[in-house]
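The stops below are given in the order in which to select them.

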Amino acid sequence: MLLFRSLLFYFFYAPLTIFFGTLSLFLLLLPKKTAQATIVYWNASALFLLRWCCNIRYEIKGAENLSHSPCVVVSNHQSPWETLFLQWYCRPISAVLKKQLLSIPFFGWGLKVTQPIAIDRANPVQAVKQIKTDGVDRLNVGNNMLIFPEGTRMPVGELGSYKRSGADIAKQAGVPLVPIAHNGGEFWLNKSLIKRPGVIQIVVGEPISIGDKSTKILMEEIKLWTQEQLETMSQTNHS
C-alpha cells in the first residue's frame, strides 16, 4: 500500500512539474517578484498531493518566529521534502543549490524563477564567495535566503558539520538568522520512492541577531539546538 500511494503521488507530481516548468518559461518574462510569487504554487500543490496521496501532514511550532523579513533561514537537510516546504512557507526565498539542478528540463526551469544561488561544488572557494555576494544581494531586494549548512542531505538521526556561511551572510547584510529543525526525512525517505504517512514536526527557532558574535560558535550553537529538537521529535514519535 505504501508503494502504491507513493507511486500515485508521482503520477500526479510529474505532470505538475511539467506544467509549472513550462509556465516558468513565460514567468521569466515577468517582474521577478511576480514570477516568484506564482511559481511557489508548484510547491504548495506538491504539499497538497503529499497529504492527499500519502497522508503526510505537518505541524509547526514557533511560527511567530518567522515574522521578520528578510532573514537567513538555516535548516537541517534530510530529504527533498524540506526544499519544497521551505520554498513555500518562507516565501519569498532564494535557496543555495548546486548549479546542475538548473539544467534539468522542466524542474530546473522552475527553479530559475525562484532566484536561487546556483553554485559549482567542484570549486568550493569560488562557491563560498558567490554565496556571500549573491546572498547579500538577494536579502537587499527583500528575499529571505535559505541555506542548508550541512551542505548535503544527511541520514535521519545524523547531523553534519554546520558551515558558517549562513551566519556570515546574515552578519554582513545586517539581518537575523532563523534556525529551523524538522524530521521530514522520516516520512519522505531520501533516495527512495517510499513515503510514509504521518505528521512531520517543524520547529522554528527565535530570530538571532548576529552583532559581534562569532559566526563559527553561533553555528555550533544552532547545530546543538537542532540536535535537541530532533531528539525531542524522536522521543515523541516513539512514545
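**Stop 1: the sheet**

Select β3 and β4, which pair in the parallel sense over three bridges. Two strands count as paired if DSSP finds at least two bridges between them. Helices (H or I, at least four residues) and strands (E, at least two) are DSSP runs, numbered from the N terminus. The model is a predicted one, in which local features need pLDDT of at least 70 and side-chain atom pairs count only at pLDDT 80 or more, while totals for chains, interfaces and linings use all residues. Residues are numbered from 1 along each chain as its sequence is written, and side-chain values use heavy atoms, with hydrogens and water left out.

Within this pair, find Val96, which stands opposite Ile117 in β4. Five of the six residues of β3 are buried, so β3 is largely enclosed by the rest of the structure. Buried means under 20% relative accessible area, exposed over 50%, and partly exposed in between (1.4 Å probe, protein chains only).

Next, show the whole sheet. It is open, has seven strands in the order β1-β7-β6-β2-β5-β3-β4, and its pairing is mixed. Which strands stand at the edges? They are β1 (56–61) and β4 (117–119); each has a single partner strand, so one side of each is left without a neighbour in the sheet. On average, neighbouring strands of this sheet are turned by 20° against each other, direction ignored.

Then select residues 72–75 and 177–182. These are β2 and β6, which pair in the parallel sense over four bridges. Ser75 has Ile180 in β6 as its bridge partner.

**Stop 2: helices on the sheet**

Select residues 32–54, helix α2. This helix packs on the sheet, touching β1 and β3 (93–98), and its direction makes about 115° with that of β1. Contact means heavy atoms within 4.5 Å. Axes are lines fitted to C-alpha atoms, for helices over the stretch in contact, and angles run from 0 to 180 degrees between N-to-C directions.

Now select residues 124–140, helix α5. It lies across β2, β3, β4 and β5 (144–147), running at about 175° to β4.

**Stop 3: α2 against α3**

Show the side chains where the helices meet. Val40, Tyr41 and Leu47 are among the α2 residues here, and Trp81, Leu84 and Trp88 are among those of α3. The contact residues divide into 10 nonpolar, three polar and no charged. Ala, Val, Leu, Ile, Met, Phe, Trp, Tyr, Cys and Pro count as nonpolar, Asp, Glu, Lys and Arg as charged, and the others, Gly among them, as polar.

Seven of the nine residues of α3 are buried, including Glu82 and Gln87.

**Stop 4: Ala167**

Finish with Ala167 in helix α6 (residues 165–173). Is Ala167 buried or exposed? At 0% relative accessibility, Ala167 counts as buried. Leaving out residues up to four places away in sequence, Ala167 touches Leu177, Ile210, Thr215 and Met219. Just after α6, select Gly174, which takes a positive phi of about 70°.
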